[in-house]
Amino acid sequence: MASLRFSVIDYYILTKHRIINWLNIVKMVLRHGPYDIIRELRRYPWILEFLKVNHLMTRLTRGRSGPYRKAVAAVITDVTRGVIELLEGIFHHSDMLVIHEDMVPPEILRAMGLYPWMPELLGILLPMLEPGAMEQYIDCAENEGVPPDICSLPKATMGLSLMDVIPRGLAIVTSNLPCDGGMSSYILMEQRMGLPTFRLDVPFHFKEDRAADYFARELRSMIEWLEARTPGTMDWQKLREICDERNRMVEREQELWEMIRIRPAPMAAEAVYMSHLWSFNVFPGTASGTRLFERISELAMENLEKGAQVVPDEKYRALLWNPPTLHTIDLFNWAEKEYGVSCIMDSMSFNRLPVIDTSTEESMLKGLARTIMEGPMARHTRGPAENYFDDMYYISKTFNIDMIWVAGHVGCKNTQALSGMLREKCREWGMPLLIIDYDLSDPRIEPREGIFSQVAHFMENIMKAEKLT
Amino acid sequence: MAKRYYAGCDIGSTTGKVVVMDDEGIVASTIIPREVDPEETARKALYDVMASIDGISDLKDFVYLIGTGYGRAEIPFAHENISEISCHAMGAFYCNSAVKTIVDIGGQDIKGIAVDDDGSVLEFAMNDKCAAGTGRFYEAMSRIFNTDLESFSDLSLQAKKMVPVTAQCSVFAETEVISLLARKTSPSDVAAGIQNAVGKRCFTLLKRVGVRDKVTVTGGCAKNRGLIKELNRILKTEIISLSEDPQLMGALGAAIFARRKGSV
């Protein structure tokens, strides 16, 4: 009887979120008008992939029950709502649209009344919805002469630009991070679109105070540059509100982190890492982001109070290193059922210095500078190697981790170069290590079956795990 | 009291292997060429080995049967299946408990395995994406030399010097070797170059798991004496030989696991 009740509730959760997603999509179509929507679809054909969002939600919620299912569904619904907000920025506010790289803080753009658009977002979101979605863009870039061995994420972004399906903005703001491939993609976009481009110089010795001062000056230069070239003007009070809201998001997230330290975990996987990936990179400092973390924390607390665990038979706690396996985004849903693996924390979510001092203009800029400089893609990929290993060790101890899974994206030279040292470190720590060979955006390099097979070999031979199914 | 038999059945890409044990030790073993259907290979190998054991005539007579190898999931009459990585480690450990590192060179992949003090797997690395250095690669090379694998191995041991074969891919290596032979390069020197190329490939794979003494080679290619000599040289350590046929290590490991499970 209890299982029937849970089945009905689970069905209701999924149906409710499916309807919310469809309603949000329909509202966007009605607001924009069918004729204009068709025009936009012809201009940006990738929008159609977002119609598969409910399919993604079904994949990620499958077999997950109660508060866990609610949390995962809430994340997907929040992402859908956010994508619609970004699309409406493209449709209705192209005169205020600024293209920005993922290492440029969107908080500043929003405080200036501008609409940010991060082109890499497509290479991250689309493979989750349709595993092969980026193949045509990757092929296009390679056919135009982009070296095949660079990271498939900037390569796909270059393909999108070469096929003229990236929204045009007023200006581009980018940086010298996170890798050569990423920087090259902005050179190409700059040339293709003929847009004025500002490049932030993120300093190398980021732990030093003078680096924070230097980068804060860089951010101020970016603001002045944008004010001269776009209708945006800096509203410092608005930036304070955004940073305050961001701090509230951080607090809520840290509450969640405290709870997931407990074994067995009351929340895991996409509810933890996808919420961060989305809210802190695309919508930092927004009330919707804070609400999402509040909701996930409430659901985790509900599980804790009931003594419930998200993975019914949690046997192993994993730390995911590097961005998640985008085209096999349901990896942990599979691993939970197959071997009782909970994904507790990931390198992209964990940040050592997440809070911003909002007392002065300078302190806000320094705080934003530090979040970028100390962010995982900056801190982990440029060296020294200690940054990478120290965080890994700290997270493993703090979150009671049993094994580290590195999503070993073949296109990431910076992290691939660390693999040998990482193996030695893990031997030293006695920490089982799995390096999954795959490509971030291109499933042809290693399809999902290959990823599952690598995990199965590791779980059965190293962890001595028995299959639960 | 009737004897209790435990079997390990290793269905590889080129052969099927079975080892049968009783409570004292190994009773019988067999190696047969594979059939198209892995289940058929397993059935044939098991009946082949059963013919040499008195008092056992049916698959149900095995107290416990474990499948391993790439076809392990396709053996419906096995009680369970275990990854060949764990089985090779256990098999080699059973033959020599000093073994700490294994190079398993099978028909379609190469594995480097670090073995713990109890015969379990500490770490492993696999090359299952390309055929270079595998049994299939050696078959292709032997065809170019118009000989069998054993003669190819002997040929490489007669080399006066080693002519490097630089191609990493089996297909390109084949082209390179044909070109070298067409230029009248000594076949034995080229054969030594091939052994060197495979040895280096094993070396890079083993570096990922760490090379610790004692090192051994399992799988069909362990019978390639030319390769073993080259591995000795490249790894700068002695490759120890095992008390049982190295090609049987997967099946032996599976049989040991079967005995553990079956005697509980």
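Mentor: What follows is a look at two interfaces, one inside a chain and one between chains. This is a predicted model, in which local features need pLDDT of at least 70 and side-chain atom pairs count only at pLDDT 80 or more, while totals for chains, interfaces and linings use all residues. Residues are numbered from 1 along each chain as its sequence is written, chains are lettered from A and ligands numbered from 1 in the order in which they are written, and side-chain values use heavy atoms, with hydrogens and water left out.

Where they are in contact (heavy atoms within 4.5 Å), domain 1 of chain B gives 11 residues and domain 2 of chain B gives 15 residues. The area buried between them is about 1100 Å², with 59% of it from carbon and sulfur atoms; buried area is the accessible area (1.4 Å probe) that two parts lose on being put together, summed over both. Of the area that domain 1 of chain B buries against domain 2 of chain B, 54% is supplied by Ile85(B), His88(B) and Gln247(B), more than by any other three residues.

One salt bridge is found across this domain interface, the term meaning a side-chain nitrogen of Lys or Arg within 4 Å of a carboxyl oxygen of Asp or Glu. Lys111(B) forms a salt bridge with Glu84(B), and their closest N and O atoms are 3.6 Å apart.

Now we turn to the contact between the chains, in which 11 residues of chain A meet 16 residues of chain B. Here the area buried between chain A and chain B is about 1100 Å², of which 43% comes from carbon and sulfur atoms. Arg427(A), His457(A) and Asn461(A) supply 46% of the area that chain A buries against chain B, more than any other three residues. Two salt bridges are counted between chain A and chain B. Arg427(A) also forms a salt bridge with Glu123(B), where the closest N and O atoms are 2.4 Å apart. The side of chain A that touches chain B divides into two nonpolar, two polar and seven charged residues, where Ala, Val, Leu, Ile, Met, Phe, Trp, Tyr, Cys and Pro count as nonpolar, Asp, Glu, Lys and Arg as charged, and the others, Gly among them, as polar.
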